[in-house]
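Trainee: Can you walk me through this one? I'd like to start with the strands.

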Amino acid sequence: MQSTKEGADCPFFLSRNELRALREEKDRYWLYRVIDCYESPRMYSLRGALDERFLLDPSEYLAYGPRGIPSVLRMKEFLGG
């Protein structure tokens, strides 16, 4: 379930787990979205693979590294500590 005070074209967040689930279970996955929550609330629903119906733009990344450092134990040395 996603909701917004904006209209249907307002972007919304989708977690990595939600994306994984919708890809693995696309025949069982539904998105329910409430729009215009404050003015005139309406709801729509979509079934299936959302990544086939929406443009997905990664908004966060998990950074591992730095590259070339073979072990977290050497991180302190790398950072000069």
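Trainee: How do β2 and β3 pair, and over how many bridges?

Mentor: β2 and strand β3 (residues 42-47) pair in the antiparallel sense, over six bridges. Strands here are DSSP runs of E with at least two residues, helices are runs of H or I with at least four, and both are numbered from the N terminus. Two strands pair if DSSP finds at least two bridges between them. This is a predicted model, where local features need pLDDT of at least 70, side-chain atom pairs count only at pLDDT 80 or more, and totals for chains, interfaces and linings use all residues. Residues are numbered from 1 along each chain as its sequence is written, and side-chain values use heavy atoms, with hydrogens and water left out.

Trainee: Which residue of β3 does Trp30 stand opposite?

Mentor: Arg47. In the hairpin of β2 and β3, six residues lie between the strands, and Asp36 takes a positive phi near 50 degrees.

Trainee: And β1, is it parallel or antiparallel to β2?

Mentor: Strand β1 (residues 2-3) runs parallel to strand β2 (residues 30-35), joined by two bridges. Gln2 stands opposite Arg33 in β2.

Trainee: Switching to rings. How many aromatic pairs are there?

Mentor: Two, counting rings of Phe, Tyr and Trp (its six-membered ring) with centres within 6.5 Å. Phe12 and Phe54 make an edge-to-face pair, 5.4 Å centre to centre with 85 degrees between the planes. Planes over 60 degrees apart count as edge-to-face, under 30 as stacked and the rest as tilted.

Trainee: Why does the pair of Phe12 and Phe54 tie together parts that are apart in sequence?

Mentor: Because Phe12 lies in the loop between β1 and α1 (16-24) and Phe54 in the loop between β3 and α2 (75-78), the pair links parts that are 42 residues apart in sequence.

Trainee: What about the rings of Trp30 and Tyr32?

Mentor: Their centres are 6.0 Å apart and their planes at 15 degrees, so the pair is stacked. Trp30 is partly exposed at 39% relative accessible area, and Tyr32 is partly exposed at 35%. Buried means under 20%, exposed over 50%, and partly exposed in between, with a 1.4 Å probe and protein chains only.
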